[in-house]
Amino acid sequence: MDASSFSCGFAVIIGAPNAGKSTLLNKLLDYKLSIVTPKPQTTRKRITGIYHKDQCQIIFLDTPGIMKPQQKLHESMLEITRATLKDADVVLALLPYSRQSGSVDLEFTEDLFSSWLNPSGKPVIAVLNKSDLVSAEAKRTCESVIQNSFHPKAVLSISAQLGNNIEGLISALKPFLPLKEPLYPEETLSTDPERLFVTEIIREKIFLLYGNEIPYASEVIIDEFKEQHENDPSRKDLIRCSIIVERDSQKQILIGSKGAALKKLGQAARLDIEELLGRPVFLELFIKVRNDWRKKNNLLKSYGY
Ligand SMILES: Nc1nc2c(ncn2[C@@H]2O[C@H](COP(=O)(O)OP(=O)(O)OP(=O)(O)O)[C@@H](O)[C@H]2O)c(=O)[nH]1
């Protein structure tokens, strides 16, 4: 490997909830690694995805969206974003266009630069996402406002969903990556453990299948992960998970009439988990009530926040 021509480094994706951070990570990797839902604040932990192409390895770090904290869980999520920022060689500030205004949220952008990006001292690329929602003229105007007001190293518009201008994004961030040998072998898509993705898949299905407060009040933890298929192909791997909720009423909603809702959740999650692991799985879901877990430091810590 010729380290003099190979670039490798860390790019942190930061932005508001629902900006399309996870969609961008998945598009970059051409693989559905990070969960995506129409609801904000789906991503709660840092997700690592590794891009390998054209003499370049970029370790992308997807972070929880930046919002005003309303509870201890939010504070822990912001702490994860703050710590992740420290690892960045370059930061992608993801700012979504709104169809209504034809622009990005300038008040949020101001706050993002003054409270997060400028103090970090990291090179920032402003990435204006959801460009499919606005006209070419609106894009040009907004790009120039962002460049003149906040002075990032570069500004560009993309559509993470459609895959528009992803090559432009890679070209813009490449100059900020150190010239060095790759850190990971080419087949490595993530350094996060399989277990994290198993719990993320279950959380995604909760976000997609239940309304109102249920997804936000739920956390998923693995109680047991028995890998037995490889040694004995007649047996499936066994995964036992607990879904933590805050109230008994939420537990009843998750279970549904005669257990129908929980069965649907389990089936949807199992199919995706089997695809992720590439082997058959027996998935058992239990529901536990832990009152106000999102406000309790000791519980948050035990759930990895
Ligand atoms: N029209 C349009 N929608 C997009 C685009 N990128 C993402 N979305 C949608 O925006 C919503 C949020 O996308 P996510 O990728 O989950 O956003 P996120 O920033 O990771 O959200 P958090 O979980 O809050 O951190 C989803 O419904 C996506 O399909 C885009 O380029 N164009």
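What follows is a chat about a predicted model of a protein and its ligand.

Biologist: Why does the radius of gyration agree with a compact globule?

Modeller: Because a compact globule of 305 residues would have a value near 19 Å, and the protein has 20 Å.

Biologist: Nice. How much of the protein counts as buried?

Modeller: That would be 37% of the 305 residues.

Biologist: What about contacts, how many join residues at least 24 apart?

Modeller: If you take contacts between residues at least 6 apart in sequence, 68% of them do.

Biologist: Let's switch to the ligand. Which residues come nearest?

Modeller: Pro17, Gly20, Ser22, Thr42 and Gln161 do, out of 24 residues around the ligand.

Biologist: How does that shell divide into nonpolar, polar and charged residues?

Modeller: There are 13 polar residues, 8 nonpolar ones and 3 charged ones in the shell.

Biologist: Which element gives the most to the shell?

Modeller: Helix H1, covering residues 21-29, with 3 residues.

Biologist: Okay, domains now. Where do they run?

Modeller: The domain assignment puts domain 1 at 7-176 and domain 2 at 194-302. Their C-alpha centres lie 29 Å apart.

Biologist: How many residues are in contact between domain 1 and domain 2?

Modeller: From domain 1 it is 8 residues, and they meet 10 residues of domain 2. The side of domain 1 that touches domain 2 has 4 polar, 2 nonpolar and 2 charged residues.

Biologist: One residue I keep looking at is isoleucine 13. Where is isoleucine 13 found?

Modeller: In strand S1, which covers residues 7-15.

Biologist: Is isoleucine 13 buried or exposed?

Modeller: Isoleucine 13 counts as buried, because it has 28 C-beta neighbours inside 10 Å, and the cut-off for buried is 20 or more.

Biologist: Which residues does isoleucine 13 touch, leaving out those up to four places away in sequence?

Modeller: Isoleucine 13 touches Lys21, Leu24 and Leu25, then Phe60, Leu61, Asp62 and Thr63, and also Leu92 and Leu94. Lys21, Leu24 and Leu25 are touched by isoleucine 13, and helix H1 spans residues 21-29.

Biologist: Last one: what separates isoleucine 13 from serine 101?

Modeller: Their C-alpha atoms are separated by 24 Å, and along the chain the two are 88 residues apart.

Methods
Residues numbered from 1 in each chain as written. Predicted model: local features only at pLDDT ≥ 70, side-chain atom pairs only at ≥ 80, totals over all residues. Rg over C-alpha atoms; globule rule 2.2 N^0.38 Å. Buried ≥ 20, exposed ≤ 12 C-beta atoms within 10 Å, placed from the backbone. Contact = placed C-beta atoms within 7 Å. Near = placed C-beta within 6 Å. Helix = DSSP H or I, 4+ residues; strand = E, 2+ residues; numbered from the N terminus. Nonpolar A, V, L, I, M, F, W, Y, C, P; charged D, E, K, R; others polar. Domains from an automatic or database assignment.
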